[in-house]
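Hello,

Here is the structure I promised to pass on to you. Have a look at it first, and then read my notes below.

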Amino acid sequence: MEDSSTINIENMEIQGDSKPKTRQKTSDVWNNFTNEEPDKDGKNVKCNHCLKRWKYEGTKMGTSTFSRHMLVCKKKPNFGDVGAMLLNHDGKLRDKDNVIDPKIVRDLFIKVSVAHNLPLKWVEFKEMRVLLKYLNPSVRFISRNTHALDVMNMYESEKEKLRIRLNSVPGMLCLTSDIWTACTNSGYMCLTVHYVDEKCKLDSKILAFCSMPPPHSAPEWKLYVMQS
């Protein structure tokens, strides 16, 4: 006698959704693209920035096409939504902190030299280079001669900017000179220009700075000139 409680699993129909599960998209590139209903050409993926469309047929295609597009997309933002990331030449995301602009580094070297009156050879200090290399292996070092040329180029550039700025001043320019003696008994003279800008604010710029040995008082200076 057959047991009526026996269940024939082979003849049972499994109920439920028979559609295959969609594989979850894990690539970071999908932060910049959206799946949509296919258009008349079958294109179903759209760039979130320039709205260009592609035909995407699933994981068998890969995402290299989208990664390459992000390298040339003219309307892409600075990737602030994904933690300030950038794409390298392989189409892969990399940390923006690892990207070093040599021009910016050289400009910062100039500011450090001028602000702290450092010798030009400090850019060749071994300890400094070891530190920078540790912070970022892609940093490019320069010689003291290159650094000296950078300093002079920036000086000429800032000088030309000042000349253009003074030519655009709507009012008159006022020149003043100041002479003083430092604690080391060294004398100096500074020539300063004063002007009122377009916003009616008083501004001033140093035009020249040179050594001027004492004495600086009028009678003593007259005697000094006569003796010279």
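The aromatic pairs come to 5, where rings of Phe, Tyr and Trp (its six-membered ring) pair if their centres lie within 6.5 Å, and planes under 30 degrees apart count as stacked, over 60 as edge-to-face and the rest as tilted. Please keep in mind that this is a predicted model: local features need pLDDT of at least 70, side-chain atom pairs count only at pLDDT 80 or more, and totals for chains, interfaces and linings use all residues. Residues are numbered from 1 along each chain as its sequence is written, and side-chain values use heavy atoms, leaving out hydrogens and water.

One of the pairs joins Phe-33 and Trp-54: the ring centres are 5.6 Å apart and the planes stand at 70°, so this pair is edge-to-face. Phe-33 is buried at 5% relative accessibility (buried means under 20% relative accessible area, exposed over 50%, partly exposed in between, with a 1.4 Å probe and protein chains only). Trp-54 is buried too, with a relative accessible area of 13%.

Another edge-to-face pair is Phe-109 with Trp-122, at 5.3 Å centre to centre and 75° between the planes. Phe-109 is buried at 8%, and Trp-122 is buried at 9% relative accessibility. Ring pairs also link Trp-180, Tyr-188 and Phe-209 into a cluster.

Now back to the first pair. Which residues does His-69 touch? His-69 has contacts (heavy atoms within 4.5 Å) with Phe-33, Cys-47, Cys-50, Lys-52 and Trp-54, not counting residues up to four places away in sequence. His-69 itself is buried, at 9% relative accessibility.

Enjoy exploring!
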